[in-house]
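User: I want to go through one interface in this model. Please back each label with its number and its cut-off.
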Amino acid sequence: MSFPDYSGYKEIKVRLDDGVLVVTIDRAKKYNTFASSVAKEIKNVFDLADRDDRVRVVIFTAEHTAPAYCSGADISGGWDGLFKEDEEDTELAHRDTGGQISISIYNCRKITIAAVNGHAAGVGITALQLPFDLRFVWAGAKQTLPFIRRGIAPEAGSTYLLPRLIGYSRANSLLLTGGTYFPNSHLLQSLYHEILPTREEVFPKALALAKELAVHASPKSVRYTKGLLQHGGSSIEETHLLDSRAIRILAASPDAAEGAKSFFERRPPRFEGKVSKDSWYPWWMSVDVKYRKSKL
Amino acid sequence: MSFPDYSGYKEIKVRLDDGVLVVTIDRAKKYNTFASSVAKEIKNVFDLADRDDRVRVVIFTAEHTAPAYCSGADISGGWDGLFKEDEEDTELAHRDTGGQISISIYNCRKITIAAVNGHAAGVGITALQLPFDLRFVWAGAKQTLPFIRRGIAPEAGSTYLLPRLIGYSRANSLLLTGGTYFPNSHLLQSLYHEILPTREEVFPKALALAKELAVHASPKSVRYTKGLLQHGGSSIEETHLLDSRAIRILAASPDAAEGAKSFFERRPPRFEGKVSKDSWYPWWMSVDVKYRKSKL
Amino acid sequence: MSFPDYSGYKEIKVRLDDGVLVVTIDRAKKYNTFASSVAKEIKNVFDLADRDDRVRVVIFTAEHTAPAYCSGADISGGWDGLFKEDEEDTELAHRDTGGQISISIYNCRKITIAAVNGHAAGVGITALQLPFDLRFVWAGAKQTLPFIRRGIAPEAGSTYLLPRLIGYSRANSLLLTGGTYFPNSHLLQSLYHEILPTREEVFPKALALAKELAVHASPKSVRYTKGLLQHGGSSIEETHLLDSRAIRILAASPDAAEGAKSFFERRPPRFEGKVSKDSWYPWWMSVDVKYRKSKL
């Protein structure tokens with residue numbers, strides 16, 4: 001098997017550092033706005049990271065000197081620019097670009113971390129924060145979900161992700177005021193794994209945890225845990241049937257033996273990195289969101 | 001089209017103020033208790049507000065000099081008083097009055113705000129706080145959900161709404177202790193958009209936000225956002241299909257153009273107020289909760 | 001009807017105190033680790049408590065002088081020890097022991113309280129904290145869900161229970177870092193009803209609330225409330241149909257009359273203790289998780 005070298009991107013910079021793939025948005029001159037060119041590259045890199053056995057954790061971040069982490073969609077040309085590709089067929093063909101990368105990040109089987117070291121608006125939250133497993137943030141980063149103030153709708157799966165992450169009380173407050181809040185606001189606080197006082201601290205803190213997890217977390221455990229969290233049962237009984245099977249399979253695997261052994265020997269574990277196919281995983285049906293064209 | 005003038009109510013006072021419909025419960029002498037006469041009027045006003053294009057935000061509140069915001073159901077005549085109407089048919093005919101207004105408020109397509117400027121018990125929380133989009137509260141307002149201490153069950157859809165708003169850990173604590181808590185209690189805090197130190201401040205704060213949103217929030221965006229939050233998909237993929245279509249429709253609407261234009265011109269937007277029918281909205285099936293009589 | 005005397009357990013101590021069943025894990029010498037012998041006894045005691053009309057509240061706790069509340073599964077013999085019984089048939093036969101007691105506690109129709117007066121790891125959280133209605137905890141109790149660091153999967157229904165209790169943002173943080181946190185950490189705080197400064201205070205505080213609820217909470221109301229929270233509708237309308245019927249049935253019961261009467265007379269209520277069968281309760285289908293053997 002050959003591995004991707006993660007070069008050739010124009011809107012992002014990508015490097016692999018001890019099992020941690022660091023993805024940095026590189027559009028500081030354009031306020032790190034979101035455009036379809038950015039979306040394509042981000043989707044591509046998460047799709048690769050998902051299958052690259054060298055990658056155990058992915059961090060997404062921006063330059064801490066940039067004017068923003070991501071200041072939302074680039075609407076300098078109006079909203080129409082976002083839909084060009086779809087006009088070949090019907091308006092049903094549209095697949096929101098933010099949502100496409102949300103799905104790619106959400107479905108990535110590695111641990112994903114957003115290091116939010118600057119202001120964020122719209123898709124800079126919905127697609128570039130919500131689908132991640134963990135979020136680190138600068139306390140001074142202004143956050144806004146202004147959809148109702150622009151005459152549009154919250155996108156990128158945000159009405160699915162946000163209430164699940166922090167509950168409907170706060171999700172309603174954020175989406176139905178469209179206001180600007182700091183991470184320490186009681187409305188936003190629980191969205192973040194850690195809130196840091198300066199922009200400079202955000203990425204190093206995220207990287208330190210990422211490197212620790214790249215060694216100490218079993219990749220196989222990670223994808224089963226994410227699978228159970230995302231595709232668990234609809235009752236405690238159904239979840240019991242799923243997690244019983246998961247733990248039965250994992251407990252018989254080399255990673256579990258190494259997990260117990262290294263624990264008793266008080267040393268870092270050496271977990272197998274391969275995310276090979278099991279007979280059982282994934283146990284859920286994946287949903288196809290592709291548009292089926294109506295015309296030849 | 002003619003508009004309702006919101007007069008003729010006996011238990012509530014209603015006035016329209018710059019796009020904000022202010023509904024005030026007017027039973028201070030009876031501790032603002034809840035009775036079927038109150039329920040009918042509240043249900044009626046939210047059903048009208050939902051379809052009145054002049055109304056962009058609805059606030060529900062009480063006089064801040066009243067002994068309570070709402071001290072629960074009026075059970076001075078025992079529980080039987082609540083069920084009279086149903087006895088014509090079987091006991092299956094009963095439709096909890098609190099639940100009827102919860103549904104009416106929850107389904108209202110405008111932004112809804114509860115300004116809780118006094119103590120609240122039972123239905124004063126379940127129907128008169130939980131179904132609203134946002135809740136402002138006085139820090140000194142005692143809140144209690146005493147159902148298990150009265151030998152009855154939590155009603156008004158509260159076992160659906162409360163855990164979704166604040167999570168099961170706190171919902172269980174509130175409902176299974178039946179205790180009395182202040183809004184700053186860690187059990188209640190996340191239920192509120194804002195907690196104010198005095199009773200007098202609650203309504204003006206809510207009104208200020210309401211008036212701001214009456215101008216700055218697109219009514220069409222609001223109902224799509226509420227629709228996505230209440231009737232979104234059961235997976236990120238399904239939600240992606242729904243929000244892609246929503247954003248495609250909205251981005252082509254005059255409100256989106258005005259939203260972008262007013263943003264770049266740094267001026268308040270002028271959004272169209274009409275909540276006209278789209279071909280697609282609502283995309284969900286509405287559930288009919290009416291009882292079908294068994295006898296002629 | 002004869003009642004169980006709760007004697008004869010080896011791994012737990014059980015006593016009935018004014019309607020409160022106190023269950024204490026009694027393996028301090030083995031760090032209160034979890035083994036199949038412990039699981040069987042805990043499952044048995046909750047199954048009995050569920051049907052014993054004398055029991056109105058169940059508290060689970062440990063000696064506050066023990067090295068831990070529960071330090072997780074006993075894996076001193078490796079993971080294999082956990083699966084012996086299943087090997088007679090296929091690996092599909094496995095039913096996680098933690099999950100079996102989670103379900104037993106979660107389905108118990110009495111109020112259940114965990115008094116966490118020591119450190120807890122793995123199953124000491126997933127099965128011995130999450131399925132309870134309320135959790136009291138010592139502020140100094142270290143809590144860790146280390147599954148990904150041991151090469152296994154989170155069990156005992158934890159991927160169902162934890163996100164529902166505290167939201168996915170914090171559940172993801174806890175399960176995907178596998179870190180050690182104190183109860184006052186913003187990640188854990190909302191899991192607890194009350195956090196106490198010393199180990200000694202945890203059980204007495206829990207017992208005081210339990211005794212108060214044993215008198216003031218109607219057993220019938222408790223099981224309807226738990227039923228609505230666990231098996232409510234999938235929409236506000238469906239929940240309205242369920243809670244309308246629940247409140248109609250309860251309001252006609254002696255407990256509701258006594259609840260109103262004692263409230264107006266400002267005295268403790270005398271609620272009927274019997275959890276007899278109603279024609280309607282339970283209204284949901286119970287899920288059978290038993291393995292159906294493939295061989296004779």
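User: How many salt bridges does the rule find across the interface of chain A and chain C?

Analyst: One. Keep in mind that this is a predicted model.

User: What makes the pair Glu212(A) and Arg149(C) a salt bridge?

Analyst: The closest N and O atoms of Glu212(A) and Arg149(C) are 2.8 Å apart. The cut-off is 4 Å, between a side-chain nitrogen of Lys or Arg and a carboxyl oxygen of Asp or Glu. The pair therefore meets the rule.

User: What else links the two sides in polar terms, and which elements of chain A take part in the contact?

Analyst: The rule finds 16 residue pairs in polar contact across the interface, both residues at pLDDT 80 or more. Elements that give two or more residues to the chain A side include β6 (134-138), α7 (199-216) and α8 (219-231). The largest share, 14 residues, comes from α9(A). By type, that side divides into 24 nonpolar, 14 polar and 10 charged residues.

User: How much area is buried between chain A and chain C, and which atoms give 66% of it?

Analyst: About 4200 Å² is buried, and carbon and sulfur atoms give the 66%. On chain A, Leu229(A), Ile236(A) and Arg248(A) supply 18% of the area buried against chain C, more than any other three residues. The contact takes 48 residues from chain A and 46 from chain C.

User: Why are the two copies said to be related as by a three-fold rotation axis?

Analyst: Superposing chain A on chain C takes a rotation of 120 degrees, with 0.0 Å of shift along the axis and an RMSD of 0.0 Å. The copies are thus related as by a three-fold axis. In chain A, the C-alpha of Gly167(A) is nearest that axis, at 3.7 Å.

Definitions and conventions. Residues numbered from 1 in each chain as written. Chains lettered and ligands numbered in written order. Predicted model: local features only at pLDDT ≥ 70, side-chain atom pairs only at ≥ 80, totals over all residues. Heavy atoms only, no water. Contact = heavy atoms within 4.5 Å. Buried area = accessible area lost by both parts, 1.4 Å probe. Polar contact = N/O pair within 3.5 Å; in protein donor to acceptor, adjacent residues only side chain to side chain. Helix = DSSP H or I, 4+ residues; strand = E, 2+ residues; numbered from the N terminus. Nonpolar A, V, L, I, M, F, W, Y, C, P; charged D, E, K, R; others polar. Least-squares fit on C-alpha atoms with pLDDT ≥ 70 in both.
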